[in-house]
Amino acid sequence: MGALSPSQTIIRYQVENINEAVVPAMVLAGLKANAMPVIPDEYKETIIGWVPFESPYIPDFVANPFLYNGVSLFSLRIDKKTVPPKVLQQQMAISFEKRKTETGREFLSKNEKAEIRELLYDSLLQKTSCIPSVFDFAWDHDLGLAYFYTAQKAAIEVLENLFYKSFECRLVRTIPYTQAACRMTEADEDRLAALTPIKIGD
Amino acid sequence: MKLDIVTAYNKYQFLGYEFLLWLWYASEKEPKAINYFADVDRSVEITVGNSITIEIQGTGYPEKVIIKREDAGFEEAFLFIKKGGVIAQINLVFKIDDLEFCFDLKGDDFSVRNLRCTSGTMPPPTSDEIEGAILEKWFLNSEVFGCLDFLYDHFIEIRLADELRKNLVSKIGQRVSGSIKD
């Protein structure tokens, strides 16, 4: 589900600028500073970063545009590695037997097993390939509006944190209360806050 | 905004649910009241599409019931609303001039799902056409959200004026009660 998909899922945000007006140069600097690394850390389970919309697997913001007539469009990529539990279990069983044979013992201690497990996990993690997930994000600087093209909770949390880190702007989710409050005076917001649910038939 | 986002979400979800109920009622009974383009020369039609999701709050986890339009025109939905259920999600069809959009709108967080422009499909753009495709998609999305924002602003106006409680609640209640078969 992306920005050009025939079927879209969209959540909306208002973008609050904390420090200064947003200009394309500032956006580019934030994107480059927090782009997906070209050579990822092999020992990390999750790697996150910005990637160009037109080239999500080659994170080069110099060669690929992100600005389209006043709207910034780029993507959040989350690469995840998972060591299959059954594979780890299999390798652990083999390693335990090997260690017992080498040391001539019938049992291994809990600490020894934990140490073997950790070494095996790191080794398998290094060999495992990342599974990338790409989520598009569009940002109208003039109107201070943004769309995120997914409703996955984990991706939303990653987005909100990385966005603030990259651009020092806060994303305020468009939900019933914020959608109403954003256009109100303080007095009207007090009246809004005082509302309670109504029952049909009251 | 005075509230933190978590409190705003948890405590005021009911605004979204009531908005969906009002939208359903207004689209059937008072379409002129929700005419987005009443003052300009454009046509708009807002109808409920093919499904409504009702959430019934009770002890433990809320129960969700999805009602399709084939089920006697949503009559079953009225039964659940009468029992205190809320409309958690609704499928909507917006016709704006020659454009037709279909999507699901969730009441608690206003997320839009399965948004499609059903009035014509575009082939996937080539690399030269990407910018044009992006701007066109942005325009289409803006049409839908502009309309939704107008409708919600209108709903909040009614809600704050207590007009909903005084006038519409009884009308909606009659509509709900009138649809319950003996």
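The questions and answers below go through aromatic pairs, the chain interface and salt bridges in a predicted model.

Reader: How many aromatic pairs are there over all chains?
Author: Rings of Phe, Tyr and Trp pair if their centres lie within 6.5 Å. By this rule, the count over all chains is 23 aromatic pairs.

Reader: Are the rings of Phe74(A) and Phe167(A) stacked, tilted or edge-to-face?
Author: The ring centres of Phe74(A) and Phe167(A) are 6.1 Å apart, and the planes meet at 50 degrees. Planes under 30 degrees apart count as stacked, and over 60 as edge-to-face.

Reader: How many residues apart are Phe74(A) and Phe167(A) in the chain?
Author: Phe74(A) sits in strand E4 of chain A, residues 71-80. Phe167(A) sits in helix H4 of chain A, residues 153-167. Both residues are buried. The pair links distant parts of the chain, 93 residues apart.

Reader: What kind of aromatic pair do Phe19(B) and Phe110(B) form?
Author: The centres of Phe19(B) and Phe110(B) are 5.8 Å apart. Their planes stand at 65 degrees. An angle over 60 counts as edge-to-face, so the pair of Phe19(B) and Phe110(B) is edge-to-face.

Reader: Which parts of chain B does the pair of Phe19(B) and Phe110(B) tie together?
Author: Both Phe19(B) and Phe110(B) are buried. They are 91 residues apart in sequence. Phe19(B) lies in helix H2 (residues 13-29) and Phe110(B) in a loop, so the pair ties together helix H2 and the loop between strand E4 (99-106) and strand E5 (112-117) of chain B.

Reader: Which residues form one aromatic cluster with Phe74(A) and Phe167(A)?
Author: The cluster includes Trp50(A) and Trp139(A). Its other members, besides Phe74(A) and Phe167(A), are Phe135(A), Phe137(A), Phe148(A) and Phe163(A).

Reader: Which residue lies over the face of Phe96(A)?
Author: A charge over a ring needs NZ of Lys or CZ of Arg within 6 Å of the ring centre. At 5.6 Å from the ring centre of Phe96(A), the residue over its face is Lys113(A).

Reader: How much area do chain B and chain A bury between them?
Author: In the contact, 47 residues of chain B meet 48 residues of chain A. Carbon and sulfur atoms carry 66% of the buried area. Between them the chains bury about 4,300 Å².

Reader: Which element gives the largest share of the side of chain B that touches chain A?
Author: Between chain B and chain A the count is 13 residue pairs in polar contact. The elements that give two or more residues to this side of chain B are helix H1 (5-11), H2, E5, helix H4 (130-160) and helix H5 (163-178). The largest share, 16 residues, comes from H4(B).

Reader: With which side chain does Arg12(A) make a polar contact?
Author: Arg12(A) is found in strand E1 of chain A, residues 8-17. Its relative accessible area is 11%, so Arg12(A) is buried. Arg12(A) touches residues of both chains, among them Arg173(A), Phe145(B) and Asp149(B). At 2.8 Å, the polar contact is with the side chain of Asp149(B).

Reader: Which residue of chain B meets Arg173(A) in a salt bridge?
Author: There are two salt bridges between chain B and chain A. At 16% relative accessibility, Arg173(A) counts as buried. With N to O at 3.2 Å, Arg173(A) meets Asp109(B).

Reader: How many residues apart in sequence are the parts tied together by Arg159(B) and Glu18(B)?
Author: The closest N and O atoms of this salt bridge are 2.6 Å apart. Both Arg159(B) and Glu18(B) are buried. Arg159(B) lies in helix H4 and Glu18(B) in helix H2 of chain B, so the pair ties together parts 141 residues apart.

Notes:
Residues numbered from 1 in each chain as written. Chains lettered and ligands numbered in written order. Predicted model: local features only at pLDDT ≥ 70, side-chain atom pairs only at ≥ 80, totals over all residues. Heavy atoms only, no water. Phe/Tyr/Trp six-rings, centres within 6.5 Å; stacked < 30°, edge-to-face > 60°. Helix = DSSP H or I, 4+ residues; strand = E, 2+ residues; numbered from the N terminus. Buried < 20%, exposed > 50% of the residue type's maximum accessible area, 1.4 Å probe, protein only. Lys NZ or Arg CZ within 6 Å of the ring centre and 35° of its normal. Contact = heavy atoms within 4.5 Å. Buried area = accessible area lost by both parts, 1.4 Å probe. Salt bridge = Lys/Arg side-chain N within 4 Å of Asp/Glu carboxyl O. Polar contact = N/O pair within 3.5 Å; in protein donor to acceptor, adjacent residues only side chain to side chain. Lists of a residue's contacts leave out its neighbours within four places in sequence.
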